[in-house]
Amino acid sequence: MEQFKGKPRLPKFASPKRYDIRLKPDLTTCKFAGSVAIDLNVVSKTKFIVLNAADLSIQKETVSFTRKASSFYSWLVPGRTGPVLGSAPSSSSANLSLSPLAVLNCLWKWWQRLWTWFLSLPTLGEQLGTNVFEPCKVDLVDEDEILVLEFPETLPIGIGVLAIDFDGILNDKMKGFYRSTYEHNGEKKNMAVTQFEPVDARRCFPCWDEPACKATFKITLDVPSDLVALSNMPIVDEKVEGHVKTVFYQESPIMSTYLVAVVIGLFDYVEDHTSDGVKVRVYCQVGKQNQGKFALNVAVKTLELYREYFAVPYALPKLDMIAVPDFAYGAMENYGLVTYRETALLYDEQHSAAANKQRVATVVTHELAHQWFGNLVTMEWWTHLWLNEGFATWVSYLANDCLFPEWKIWTQFLEEYTEGLRLDELAESHPIEVEINHASEIGEIFDAISYRKGASVIRMLQSYLGAECFQRSLASYIKRHAWSNAKTEDLWAALEEGSGEPVNKLMNSWTKQKGYPVVSIKLKDDKLEFEQSQFLLSGSHGDGQWIVPITFCCGSYDARQSFLLETKSASIDLQESGAWIKVNVDQTGFYRVKYDEDLQAELSYAIVNNMLSATDRFGILDDSFALCVARQQSLTSLLTLMAAYREELDYTVLSNLISICGKIARIAADATPELTKYFKHFFVVLFQYSAEKLGWEAKDGESHSDAMLRGQILSALAEFGDESTLKEASRRFHAFLNDRSTPLLPPDIRRAAYVAVMQNVNASNRSGFESLLRVYRETDLSQEKTRVLGSLASCPDSNIILEVLDFLLSPEVRSQDAVFGLAVCWEGRETAWNWLKENWEYISKTWGSGLLIRRSVSSIVSPFASYEKAKEAEDFFATHSKPSIARTLKQSIERVNINAQWVQSIQNEEHLAEAVKELPSFIWV
């Protein structure tokens with residue numbers, strides 16, 4: 001058994017073909033019983049069967065392996081389990097058409113297998129008398145989450161059935177087969193939910209819990225007769241006996257274990273159909289079905305859009321989407337049964353904000369993209385996770401741009417792009433294609449690299465190849481690898497074949513090494529000089545080099561040029577000269593740009609005079625901020641550039657400007673506390689123009705982005721202490737307390753009012769805090785609850801912050817929502833850190849090893865800005881860490897050290913005080 005321990009993957013001497021699973025959950029005791037019969041293909045001689053299992057009690061006396069007489073067809077043709085190739089649904093029968101070469105290849109394989117069968121006749125004859133094999137040892141290896149079955153004799157090669165009965169707990173960790181709570185008619189009830197990605201199907205039934213081990217699944221559930229029971233496929237039969245019903249589901253097409261899903265509870269639903277007959281439903285808690293109508297409409301249109309874009313129809317007969325009250329992630333793309341947290345699926349016309357509406361649309365389109373990228377074509381191993389998540393992220397923006405062109409969603413994509421850059425500029429980042437050596441490492445790569453950098457390099461490649469060529473090649477890739485697994489190289493091959501471009505060579509530098517370049521630009525003697533180097537936020541020198549698709553324009557977007565920077569440096573003769581030069585047009589390339597002083601000054605002039613697109617204004621600001629943190633540009637220079645954005649009105653640009661101002665305010669409080677009030681005054685003045693344009697009241701016919709921006713601007717002004725904003729917010733909040741339907745506080749500006757109220761809360765003035773807690777307790781809308789939690793953390797009083805943090809651990813707050821209250825203000829950092837240390841044992845046990853605990857560490861550790869705090873965090877986690885947070889912890893401590901370096905750099909700036917005091921008057925000129 002020792003030879004199987006500590007391995008990243010299961011041994012390959014047996015592979016599953018079909019699972020027959022029966023589950024009987026008890027929603028009162030929160031336990032479940034189950035049985036599984038797995039059709040296995042034993043491909044090499046072995047006395048062992050090794051599969052995954054965790055947190056299950058195996059009934060050892062029930063374990064057996066039974067040799068199965070295969071049909072002539074399934075024995076003769078390797079990997080076939082029925083008349084349709086690859087076990088695809090019957091609708092895919094068109095795949096049966098084979099080329100002459102494929103027919104000859106099949107004939108040759110048949111002949112090889114017949115010859116092998118003939119040679120093995122004596123051995124086979126000896127085995128005919130033994131059909132059932134019982135293991136002599138059944139061992140669960142907890143640290144590797146594997147079940148090792150040892151048999152007294154060698155198992156026969158070929159198809160057999162492995163049978164196992166087991167018991168488990170409906171846990172409260174939001175992974176595996178778990179329980180979620182809800183209220184119905186004032187009574188608290190449990191529902192049963194599955195969340196198997198990445199490696200938690202093994203917590204529900206023993207299985208080969210790896211994406212490449214695809215099989216078909218036949219699910220049967222024994223549940224209370226009054227409940228709704230959902231799975232991936234439609235119900236084919238249902239038998240009721242008293243208070244229990246047995247629900248039988250249609251067998252699934254071939255898929256990976258992480259996509260299997262079951263949900264059991266009381267639900268309402270709304271329903272629609274696509275034009276080609278796919279039934280689509282949105283399930284939710286009883287009484288909330290109207291909140292599912294927007295997502296339903298988006299889903300139906302998205303399935304039709306993707307059917308055309310990928311040139312492949314949705315593969316299943318139905319698509320269910322369900323809102324789960326307790327859900328760790330935003331959503332999960334289970335084949336045919338997509339699960340969501342409520343904030344990502346439900347939209348309330350009266351109480352949801354415009355940002356909530358957009359969130360629902362982007363999450364739904366993301367998850368439905370997975371029905372092709374991930375479910376139909378699945379990554380071969382978690383190294384290629386980005387093929388799932390990067391593509392789903394990118395395609396979701398493509399879909400939303402088609403469905404809601406007025407949202408200008410591709411400009412907002414820059415928020416994804418920037419998050420990818422900000423993680424990848426750390427030394428503790430990782431390549432897009434990252435080696436996974438143990439299951440405990442997988443969770444940490446569900447991050448901004450796999451999702452956001454992945455999406456950004458796809459966008460960069462699409463821009464380089466052209467939209468039509470890219471689409472054709474994607475369709476070819478999906479058809480070629482449907483019902484199977486793929487690696488990154490398979491995608492590059494399809495794109496290379498479709499475009500004639502050296503895609504593999506171009507993209508390997510972006511997916512196989514971590515980091516990205518900063519391209520330095522100088523203008524000398526009518527030549528534009530380019531030089532690339534790896535950008536690290538620490539200011540260190542990296543040795544990475546990339547093939548960089550350079551785009552630039554001079555004085556006009558009509559004069560656009562492009563080339564591939566394949567070496568460290570290059571120079572280009574300018575065909576046309578202009579007043580300004582912008583490199584990385586529309587931020588399609590995943591790199592930063594550093595301009596010399598003269599070029600930067602010309603760009604500032606172009607920004608003030610509105611000569612540049614919103615995407616380019618965004619890029620210039622974001623690159624300058626990163627260069628400032630990396631100490632390649634002074635804070636004084638950055639503030640001067642920021643003043644050029646004084647009349648900015650674009651949502652995405654202003655949203656990033658607000659974020660940058662907040663980060664500068666926090667670092668300035670560490671570096672130059674005596675200048676804090678001047679920084680805040682500068683930021684208030686900077687946003688006065690946009691605040692006056694937007695006002696507090698929504699305007700008839702205003703854009704979706706203006707509705708989102710209003711709340712962000714007002715929240716920022718409140719946090720920077722603008723008295724008029726604080727006063728008006730208080731007035732509107734008190735009107736809201738008296739009447740929850742008052743037009744004075746619509747959903748788009750509620751968070752701004754909540755933040756404003758918390759600015760004046762302290763130990764002797766608690767009324768605002770208590771009022772917000774009352775709002776939290778009285779609402780049943782998840783979006784409203786998270787709005788309140790995020791606002792509570794903005795209070796500058798450390799005593800109140802401690803109360804807020806303790807509240808997060810109370811039964812009143814679902815574990816999934818606690819992270820919204822962890823982003824405390826600058827004054828609350830030390831309180832939050834001490835709270836984390838004191839409650840670490842409980843937090844570690846309650847939040848387990850997933851997303852929640854990683855976010856708690858990064859939210860609380862990363863904001864510090866001293867070497868002493870970095871050392872303190874290292875010392876604490878030296879004895880309190882766990883493998884699942886190792887990468888997150890290193891990244892958080894690296895950020896603390898970077899902040900400390902930035903503080904020192906700011907303290908050494910000679911003219912900073914003068915600049916921050918004078919810039920407000922410059923803005924008003």
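Axes, in this talk, are lines fitted to C-alpha atoms, for helices over the stretch in contact, and the angles between N-to-C directions run from 0 to 180 degrees. Helices (H or I, at least four residues) and strands (E, at least two) are DSSP runs, numbered from the N terminus.

Good morning. The model before you is predicted: local features need pLDDT of at least 70, side-chain atom pairs count only at pLDDT 80 or more, and totals for chains, interfaces and linings use all residues. Residues are numbered from 1 along each chain as its sequence is written, and side-chain values use heavy atoms, with hydrogens and water left out.

I begin with pairs of helices. Two packed helices are described by the angle between their axes and the distance between the axes. Helix H4 (residues 293–310) packs against helix H6 (residues 385–403) at an angle of about 110°, and their axes are 10 Å apart. The two are therefore roughly perpendicular; that term covers 65 to 115 degrees, while angles under 35 count as roughly parallel, over 145 as roughly antiparallel and the rest as oblique. Which residues of H4 meet H6? They are Val298, Lys301, Thr302, Leu305, Tyr306, Tyr309 and Phe310, and their partners in H6 include Trp394, Leu398 and Cys402. Contact here means heavy atoms within 4.5 Å.

A second pair is H14 with helix H29 (residues 912–923), whose axes come within 10 Å and cross at roughly 5°. That angle makes H14 roughly parallel to H29. On the H14 side the contact is made by Leu635, Thr636, Leu639, Thr640 and Ala643, and on the H29 side the residues include Leu912, Val916 and Phe922.

Let us turn to helix H12. Its 12 residues, 597–608, reach 17 Å from the first C-alpha to the last, close to the 16 Å expected at 1.5 Å a residue; the expected span is 1.5 Å times one less than the number of residues. Leu599, Gln600, Leu603, Ser604, Ala606 and Ile607 are its buried residues. Seen down the axis of H12, these fall within an arc of 160°, so they line one face of the helix; the arc is that of the directions from the helix axis to the C-beta atoms. On the other side, Glu597 and Asp598 are exposed. Buried means under 20% relative accessible area, exposed over 50%, and partly exposed in between (1.4 Å probe, protein chains only). Among the elements that cover the buried residues of H12 are strand S23 (517–524), helix H13 (614–629) and helix H14 (635–643).

My last topic is backbone geometry. Most residues other than glycine have a negative phi, and most peptide bonds are trans. Where does asparagine 584 lie? Asparagine 584 is in the loop between S28 and S29, and its phi is near 65°, a positive value. Aspartate 586, found in that loop between S28 and S29, has a positive phi near 60°. Is each buried or exposed? Asparagine 584 counts as buried, at 0% relative accessibility, whereas aspartate 586 is partly exposed, with a relative accessible area of 22%.

Finally, a cis peptide bond joins glutamate 197 and proline 198, with omega about 5°. Proline 198 sits in the loop between S10 and S11. Alanine 201 lies in the loop between strand S10 (187–195) and strand S11 (216–224), and it is buried, with a relative accessible area of 0%. Alanine 201 touches Phe196, Cys207, Asp209 and Thr257, not counting residues up to four places away in sequence.
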